[in-house]
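I opened my notebook to see what could be read from this one. Here is what I looked up, with the model first.

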Amino acid sequence: MAEFEIPALKPYPEIPPIEIGTMAHSKPYYAKQEHQQKIGFPGELVDNWEQVAIDKMGELVDNSRALRVFLDSCVKCGACTDKCHYYLGTSDPNNMPVARQDLFRSVYRRYFTLAGKYLPSLVGARDLDQGVLDEWYSYFHQCSQCRRCSVYCPYGIDTAEISMAAREIMDSIGVGQKYCNEIIDKAQTIGNNLGLPEPALANTLEGLEEDIEDETGVSVRLPLDQKGADILLVTPSADFFAEPHVDGLIGYAKVFHQAGLSWTISSYASEAANFGLFIGSYDNMQKLALRIREAALELGVKRIVFGECGHAWRVAYSFLNTLAGPFDFLDPDYPVPQHVCEVTYDLIQRNALRLDPSANDDMVLTFHDSCNVARGSRMGDFEGGQFVIPRAVIKASCNHFFDMPSDTIKEATFCCGGGGGLLTDDLVELRVKGSLPRMEALKQVVDEHGVTHLAAICAICKSQFSKILPYYGFEMDQIVSLHQLVSNAIVLGNEH
Amino acid sequence: MSLLTIAYTLLFYVASATLLAGLTYRIWLYAVTPAPLRIPTTPAPTTAGGVVRRMLFEVTLFNSLFKSNKWIWLFGWVFHAALLFVLLRHLRYFTDPVWSWVALIQPIGKYAAFAMVAGLAGLWARRLLVDRVRYISSPSDHLMLALLIGIGLTGLGMGYLAHTDIVAVKAFFLGLMYFDWQQLPTDWLLNLHLLMVALLMIIFPFSKLLHAPGVFFSPTRNQVDNPREKRHLPTRNPSTSNAAS
């Protein structure tokens, strides 16, 4: 099945001894000239790239307190060294968060610190050369920006910030990653990452309406570009096509239908995922965020609700107000934006939905906390709501639920292995190996509690698990959307 | 006045000035560098009071480190807590008359020195023995531990093996403070101890010791988790011309 060794699932997770260079060969395809230029970067490696890169580094450090503090503060205590799923799955020491940061920090020290300028070998400072650039390209595309290391660092150093900066520097000298940059281009010109134009989208949604009616006998609408609707739903475009994502979308539609909420999808802003985040590009992230604002104004909605998507929810929850606010034209009674889980949870609390959990009795569920929902955002109006609310919705929809071990969920959750712009076939070895800690945790609840399915609230997690579950002896359809469970359990009809 | 006294007098003025100016500059840089986006590591406090609490726990009990690794936490916390008492104990050489609470903690401070060296030794052992930590260590990381342990051992040496003339030492430092310079005793343990301390002060603002002020400015720890309720205004450093958006 694969040209690489699939890690064995151990009954108890172990910290592997380091094996230098085991993943040095891993690197994604480079972005083509056309896509680079369309999103504001040089098409190919610029002539004096070393100088351009160093200048960019200085600019980024001057503009980011996080970056400046993180580069100065690391004491190399080693607390983070066993926290990254890519290290645990590959044993490559450059996948230890501190070592990954040091690929960047060593260059920063050389050009921006006194010690690095005069005593480079003493403090591990290095000139930026082709070898270093190659290492950057390889290992900064082995970080899913999941922030797990930042939970455990005594100074809160977040390797994601450093990976983003490194990717932005590489983009600015003409070295971009194909997967991310092509997608950003598509989202900025067509409106979504899959490049679905309006007619295709309309057609898909109509098809889904027919499917729901065939199955339930109830006419549930999935409106597109409907002016005057109350709610604009912004969801990852994978929800329109991929499995199990689409079952989640059907779930949202049923929830809105049953609660009598008026809603619409926008073809102009038909993408929740904001890949500008992955490449650390504030400008690209803002352009994508502004499409949502424009769509909300154009359609005259009162609320914005996001579908199930991890990094998207981080950008939406934490950054949207900054990037595209203020949203004073929306209904002040609702947070902007809202997560679809918050909407469903509120309806359940108010007894406005009738759910029959026995509809999911053929499954025993566990829940995968998506990294950027867990550590980069929140749901509800209380600390930790992002852990409580999805679980509450699952428990209202299912009778059989068991959590994975406590050091692998909530704030300690492991990334699925495909986040942060790595969900591409050219990185499949990394994705398989990086999912090892999650697979071990899953195996444990499968063995102990007979868990049959893993529910997730992120388009990337869902796609990643569909792909890698079979590598570890599971079935690809053991991953389900959270709202797929709601969809199964919801009792459609007039009485509630 | 001996050559040694002149050299150490100058050394301590230079070291103090470097430490003060260097730290002030660095802290000023941290303070003025913009934080363009809200990036607290969640779950995070939703109020400013909550952030103060989180930070307090972080810097006094090393909460995150405790979650991470009990050995590093144990050695690191013992070292830092002991260092605090050792430093406070040393206030007796800079105050006349000695503040009563400083007099009170003298015994604690004296034993704390052992704990400090033990904590540092534990950290160094990890750095040498754990393959992951060895991999990420630069020569400077080892030298920093050597320097701190050297300071601790020479201090202990004076306390327990070869007593130095602490009355003269105190006169020397009070003299530095009031510009009424006094002789520094010639005692190799004392001279070595002070040389290493001065070196540490000079290195501080240029090294990883910046984690001390840095932790207070860490956005993942010091930001309030309320981006939907309160709009975080985008900011850019005005000194960088091409960063406007």
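**Ground rules.** I am working from a predicted model, where local features need pLDDT of at least 70, side-chain atom pairs count only at pLDDT 80 or more, and totals for chains, interfaces and linings use all residues. Residues are numbered from 1 along each chain as its sequence is written, while chains are lettered from A and ligands numbered from 1 in the order in which they are written.

**Chain A, overall.** I found 22 helices and seven strands in chain A; these are DSSP runs numbered from the N terminus, helices being H or I with at least four residues and strands E with at least two. The radius of gyration of chain A is 22 Å against 23 Å from the globule rule for 496 residues, so chain A is as compact as a globular protein of that length. Both terms are simple: the radius is taken over C-alpha atoms, and the rule is 2.2 Å times the number of residues to the power 0.38. I also noted that the C-alpha trace of chain A spans about 75 × 50 × 40 Å along its principal axes.

**Where the chains touch.** Which chain gives 60 residues to the contact, and which gives 59? Chain A gives 60 and chain B gives 59, with contact meaning C-beta atoms, placed from the backbone, within 7 Å. On the chain A side, helix α3 (residues 65-73) supplies the largest share, six residues.

**Helix α9 of chain B.** I looked up α9 (residues 166-177) of chain B, which has twelve residues and reaches 16 Å from first C-alpha to last. After α9(B) comes B:Phe179, with a positive phi near 55°.

Key: Two residues are in contact if their C-beta atoms, placed from the backbone, lie within 7 Å. The expected span of a helix is 1.5 Å times one less than its number of residues.
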